[in-house]
Amino acid sequence: MSAACPKLRFHDYQPELASFRSAVLQGLARDNKWIPPKFFYDQRGSLLFEAILEQPEYYLPKVERQLLQTHAAEMAELIGPGSVLIEPGSGNCEKVRLLLAALSPAAYVPMDISGDFLFTSAHELGTDFPRLPIYATCLDFTHTMNLPGNVPDGRRVLFFPGSSLGNFEPVEAQHFLLRAGRLVGAGGGLLIGMDRKKDKRVLEAAYNDRAGITADFNLNLLARINQQLDGDFDLDAFAHYACYNELLGRIEMHLTSLKLQLVEVAGQSFQFLAGERIHTENSYKYDPAEFVALAQTAGFRNCRFWTDETGQFGIYYLVFPHD
Ligand SMILES: C[S@@+](CC[C@H](N)C(=O)[O-])C[C@H]1O[C@@H](n2cnc3c(N)ncnc32)[C@H](O)[C@@H]1O
């Protein structure tokens, strides 16, 4: 706690470096090389993602912010006062501010894997909302979303903006929603922002911004491996590649090797052919009916849906019913 944020607490369950090492070594040993996107987010990765949010081609945050702003009062009424708002992958904690103008929760629990960035973001929020109890929790939400023991009672509502659920394979997304249902319990809620399927050109432009920030964000994964796992990736020998896979309804991000090369990581050697890729992220897009069907398989019931005029993005409020 600090004088500026009397009600901020920080709980640190940051994953060990060993989990990063084993994911990278296993991922690079596969025929189709793959490193999960959660490893993008060291401090520099979080700052680069914040810069992506401001890119003109990246329509998602602008449309979502607009929807939150326009419908905050209705959302706040559905969530109700005195609730505990839990945000996995809270990033810079900016979107919740739009709700806080209309909502008086008993507590806010931002959760993120990027510890220092979470601490700074929660501190900035706590400075602006000094009466809001904040339980900032550094964790990997693919492993646990347990709340710290001192979080007050109150109806639990998961706030999951940014279409972050789209980073999961659909079956993993269903498992995440099942865990979310158990976390919020009977009568709890889920307010979730999901990107929609749309024109391939719009989607591909969003993940290939002209300023090259998404490319830097993607390549930063290799810089992180070099720094933390004693790697020797030559960042100039890899290129960012993002495309929309229409069949699977997902944006894919990859890093393409520009030549035949050997790379060392944590004492192990990996060969890359020219043109070979490391798959680093999927971002599944959902039509509203598809998303509602997915949430229903996890036990949620659809309550309310908001979208923009051109149908780019959707925000859903769902409840986890009593038996
Ligand atoms: C796509 S960004 C979204 C940020 C923010 N919610 C928004 O809408 O702007 C994903 C956020 O989730 C965090 N994150 C990604 N994987 C995570 C994981 N497995 N556990 C906890 N946080 C994670 C990242 O650090 C990042 O802040």
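A polar contact here means a pair of N or O atoms within 3.5 Å. Keep in mind as you click around that this is a predicted model.

A ligand nitrogen is 2.8 Å from a polar backbone atom of F141. For I113, the distance from a ligand nitrogen to a polar backbone atom is 3.1 Å, and for L139 it is 3.5 Å. How much of the ligand's accessible area does the protein cover? The answer is 93% of the 590 Å² that the ligand has on its own.

**Stop 1: the aromatics.** Searching the whole structure turns up 20 aromatic pairs. Pick F300 and F320: they pair edge-to-face, with 5.3 Å between centres and 65° between planes. F300 sits in the loop between α9 (288-297) and β12 (301-307), while F320 is in the segment after β13 (313-319), so this pair ties together parts 20 residues apart in sequence. F300 has 1% relative accessibility, so it counts as buried.

Next, select F40, Y41, F49 and F217, which make up one aromatic cluster.

**Stop 2: charges over rings.** Show K33 with F272: the charged end of K33 sits over the ring, 4.9 Å from its centre. Finish with R224, which lies over the face of F20 at 4.3 Å from the ring centre.

Key:
Residues are numbered from 1 along each chain as its sequence is written. This is a predicted model: local features need pLDDT of at least 70, side-chain atom pairs count only at pLDDT 80 or more; totals for chains, interfaces and linings use all residues. Side-chain values use heavy atoms; hydrogens and water are left out. A polar contact is a pair of N or O atoms within 3.5 Å; within protein, one must be able to donate a hydrogen and the other to accept it, and residues adjacent in sequence count only if both atoms are side-chain atoms. Accessible areas come from the Shrake-Rupley method with a 1.4 Å probe; for residues, only the protein chains shown count as cover. Rings of Phe, Tyr and Trp (its six-membered ring) pair if their centres lie within 6.5 Å; planes under 30 degrees apart count as stacked, over 60 as edge-to-face and the rest as tilted. Helices (H or I, at least four residues) and strands (E, at least two) are DSSP runs, numbered from the N terminus. Buried means under 20% relative accessible area, exposed over 50%, partly exposed in between (1.4 Å probe, protein chains only). A charge sits over a ring if NZ of Lys or CZ of Arg is within 6 Å of the ring centre and within 35 degrees of the ring normal.
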